[in-house]
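This report looks at aromatic pairs and at an annotated site. Please view the sequence and the model first.

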Amino acid sequence: MIGEERIVLVTVGGWVQGIGYRAWTQRQAEALGVRGWVRNRLNGDVEAVFAGPAEAVEALCAACWRGPSLARVERVDVAEPDSAALAELGARGFRQIATI
């Protein structure tokens with residue numbers, strides 16, 4: 001269905017911290033009109049929630065395999081977000097939130 005919203009929890013593993021991955025994700029999300037958040041995890045992963053038109057969310061998930069130029073992405077896991085992840089989701093915009 002055109003215009004259908006999709007919400008996903010994405011976990012990116014590999015060399016993805018300390019190289020601007022969160023800022024890159026925010027820029028990509030804003031360019032695609034996707035709202036949500038991104039943060040570092042203490043285990044070295046980057047975690048994000050993407051919400052928006054299904055096509056834009058799919059494009060952003062695919063772009064996560066590329067990341068910024070210094071990234072070395074080893075995995076991108078896409079799952080349904082839990083209630084804790086959804087609690088951080090704002091009504092609009094995309095932001096970086098605290099590391100967990």
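Rings of Phe, Tyr and Trp (its six-membered ring) form a pair if their centres lie within 6.5 Å; planes under 30 degrees apart make the pair stacked, over 60 edge-to-face, and the rest tilted. The model is predicted.

**Aromatic pairs**

Take Y21 and W24. Their ring centres are 5.5 Å apart and their planes stand at 50°, so this pair is tilted. Both residues sit in helix α1, which covers residues 21-32. They are three residues apart, about one turn of the helix. Y21 and W24 are both buried.

The other pair is F50 and F94. Here the ring centres lie 6.1 Å apart and the planes meet at 35°, so this pair is tilted too. F50 belongs to strand β3 (residues 46-53) and F94 to strand β5 (residues 94-96). The pair therefore ties together parts that are 44 residues apart in sequence. F50 is buried, with a relative accessibility of 1%. F94 is buried as well, at a relative accessible area of 6%.

| Pair | Centre distance | Plane angle | Class |
|---|---|---|---|
| Y21 and W24 | 5.5 Å | 50° | tilted |
| F50 and F94 | 6.1 Å | 35° | tilted |

**Annotated site**

An unreviewed UniProt entry places the feature "active site" at R22 and N40. These positions span 19 residues in sequence, yet no two of their C-alpha atoms are more than 7.7 Å apart, so they gather at one spot.

R22 is found in helix α1. Buried or exposed, or in between: which class does R22 fall into? The cut-offs are under 20% for buried and over 50% for exposed, with partly exposed in between. R22 has a relative accessible area of 26%, so R22 is partly exposed. Neighbours within four places in sequence aside, R22 contacts V38, R39, N40, V46, Q96 and I97.

N40 lies in strand β2, residues 35-40. At 11% relative accessibility, N40 counts as buried. Leaving out residues up to four places away in sequence, N40 touches Q17, R22, D45, V46, T99 and I100.

What joins the side chains of N40 and R22? A polar contact of 3.5 Å does.

How values were computed
Residues are numbered from 1 along each chain as its sequence is written. This is a predicted model: local features need pLDDT of at least 70, side-chain atom pairs count only at pLDDT 80 or more; totals for chains, interfaces and linings use all residues. Side-chain values use heavy atoms; hydrogens and water are left out. Helices (H or I, at least four residues) and strands (E, at least two) are DSSP runs, numbered from the N terminus. Buried means under 20% relative accessible area, exposed over 50%, partly exposed in between (1.4 Å probe, protein chains only). UniProt positions are given in the numbering used here, feature names are shortened, and annotations may be inferred rather than shown by experiment. Contact means heavy atoms within 4.5 Å. A polar contact is a pair of N or O atoms within 3.5 Å; within protein, one must be able to donate a hydrogen and the other to accept it, and residues adjacent in sequence count only if both atoms are side-chain atoms.
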